[in-house]
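Please look over the sequence and the 3D structure shown here before reading on. The report then takes up a few features in turn, moving from the whole chain to single residues.

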Amino acid sequence: MPRLTPRRRTAPLVAAALAAVLLLAAGCGGRATTHHKPGTGHEQATDAGGTLLAARDDSGHRLRDLPAADAPTVRAEARPDTEGGWNVHLTVERFRFTPESTGGGALAGRGHARLLVDGRETARAYGPWFHVPPGARTLTVRLYADDHTAWSVAGAPVQTTLPLAPATAPDSTPASPSTPPSPPATSSSTVDPDPASTPAGRTLDIRVTGSTVTPAPSRVELRKGERITLRVTSDRADTVHVHGYDREAALAPGTPATLALTADRTGLFEVETHESGLVLTQLVVR
């Protein structure tokens, strides 16, 4: 008797495979509404941040509105560079720079800044520090989302404008090596005079041993206009820096370094070391 060959069930297998493909396609959530680069997810491509307005800024970018309580803020300080131009530092709140997801969807609190020098857009900033070439008179820094829409509040772009005065007057004589650098462009960050010529105010002694800060970091409450002197002793070479005031002092091992300033700006300002990255204290100025 001839052997009977089992009948192959090809049709059901093909149907099952087709159903699986259709199921995977449906589960992917469909095509993203905004282009996103590798490393960003579909959530970043949904444009879920804020309300997209029909209005545009003067660079042609659409505005993306947020409530004032949720919107980012930006402030800028500029100091003359010894080789020309200005070194600019940005202080942002409710915002972080995300160069890795530029081109993705808009998420509140993320993005980059665009720089307008004398009203013309010249560059982008993906971090808090950048350089402006000489010859500029004004600088406007505007915050954008990853999808290149401009963050706004009540239809006004989130931005700050900074006047850039010449570093030296045309008829002035060259500065001698002992002449202190020019003050920053913002009046709120003017370099303090010699501590000996002003009232002593409050003094805070801080010691850094390895990764231990004594006393433990806490918040120091100050009234606006109050003067404070930070006396820091470290067991290693480092630099102490007061954010927001752009003041710093070099630390030599075992030698106290003194940094005095007048708290003429309200807000929360961290004092930290550059090399070791330790937070020494926080100044709260009201």
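The sections below describe a predicted model.

## The chain as a whole

In this predicted model, the secondary structure of the chain amounts to 1 helix and 21 strands. The chain has 286 residues, and buried residues make up 38% of them. Its accessible surface comes to about 16,600 Å², and carbon and sulfur atoms account for 57% of that area.

Contacts along the chain can also be sorted by how far apart the partners lie in sequence. Among the contacts between residues at least 6 apart in sequence, 59% join residues that are at least 24 apart.

In soluble globular proteins, nonpolar side chains tend to be buried together. In this model, the largest nonpolar core contains 26 residues, and the members that touch the most other members are Val88, Leu90, Phe130, Val132 and Leu139. The elements that give two or more residues to this core are the strands β3 (73-80), β4 (86-93), β6 (110-117), β8 (129-132) and β9 (138-144). Apart from this core lies another one, made of 24 residues, which include Val213, Ala249, Leu251 and Leu259.

Once its neighbours within four places in sequence are left aside, Leu90 is in contact with Val74, Arg75, Ala76, Phe97, Ala113, Gly127, Pro128, Phe130 and Val141.

## Aromatic rings and charged ends

A pair of aromatic rings is described by the distance of the centres and the angle of the planes. A search of the whole structure finds 2 such pairs. Phe95 and Phe97 form an edge-to-face pair, with 5.4 Å from centre to centre and 90° between the planes. Phe95 counts as buried because its relative accessibility is 9%, and Phe97, with a relative accessible area of 16%, is buried as well. Tyr245 and Phe269 also form an edge-to-face pair, with centres 4.8 Å apart and planes at 65°. This pair links distant parts of the chain, since Tyr245 is in the loop between β17 (238-242) and β18 (247-251), whereas Phe269 is in strand β20 (residues 267-273), 24 residues apart. Both Tyr245 and Phe269 are buried.

Rings can also have a charged group placed over them. The charged end of Arg265 sits over the ring of Tyr245, at 5.6 Å from the ring centre, and the charged end of Arg114 sits over the ring of Tyr144, at 4.9 Å from its centre.

Thr140 belongs to strand β9, and it counts as buried because its relative accessibility is 13%, which falls under the 20% cut-off. Leaving aside neighbours within four places in sequence, Thr140 is in contact with Arg114, Leu115, Leu116, Gln159, Thr160 and Thr161. With one of these residues, Thr161, the side chain of Thr140 makes a polar contact, side chain to side chain, at 3.0 Å. The C-alpha atoms of Thr140 and Leu162 are separated by 6.2 Å, although these two residues are 22 residues apart along the chain.

Ala55 is found in strand β1 (residues 51-56), and with a relative accessibility of 39% it counts as partly exposed. Not counting residues up to four places away in sequence, Ala55 touches His61, Arg62 and Leu63. Ala55 and Gly155 are 100 residues apart in sequence, yet their C-alpha atoms are 7.6 Å apart in space.

## Backbone features in the loops

Most residues other than glycine have a negative phi, and most peptide bonds are trans. Which two residues are joined by a cis peptide bond? The cis bond joins Thr214 and Pro215, with omega at about -5°, and Pro215 lies in the loop between β14 (212-214) and β15 (219-222).

A positive phi is found at His148, where the value is near 75°, and at Ala154, where the value is near 55°. His148 lies in the loop between β9 and β10 (150-153), and Ala154 lies in the loop between β10 and β11 (156-157). His148 counts as partly exposed because its relative accessibility is 23%, while Ala154 counts as exposed, with a relative accessibility of 72%.

Definitions and conventions: Residues numbered from 1 in each chain as written. Predicted model: local features only at pLDDT ≥ 70, side-chain atom pairs only at ≥ 80, totals over all residues. Heavy atoms only, no water. Core = buried A, V, L, I, M, F, W, Y, C linked by side-chain atoms within 4.5 Å. Buried < 20%, exposed > 50% of the residue type's maximum accessible area, 1.4 Å probe, protein only. Helix = DSSP H or I, 4+ residues; strand = E, 2+ residues; numbered from the N terminus. Contact = heavy atoms within 4.5 Å. Phe/Tyr/Trp six-rings, centres within 6.5 Å; stacked < 30°, edge-to-face > 60°. Lys NZ or Arg CZ within 6 Å of the ring centre and 35° of its normal. Polar contact = N/O pair within 3.5 Å; in protein donor to acceptor, adjacent residues only side chain to side chain. Areas by Shrake-Rupley, 256 points an atom, 1.4 Å probe, with all protein chains shown as cover.
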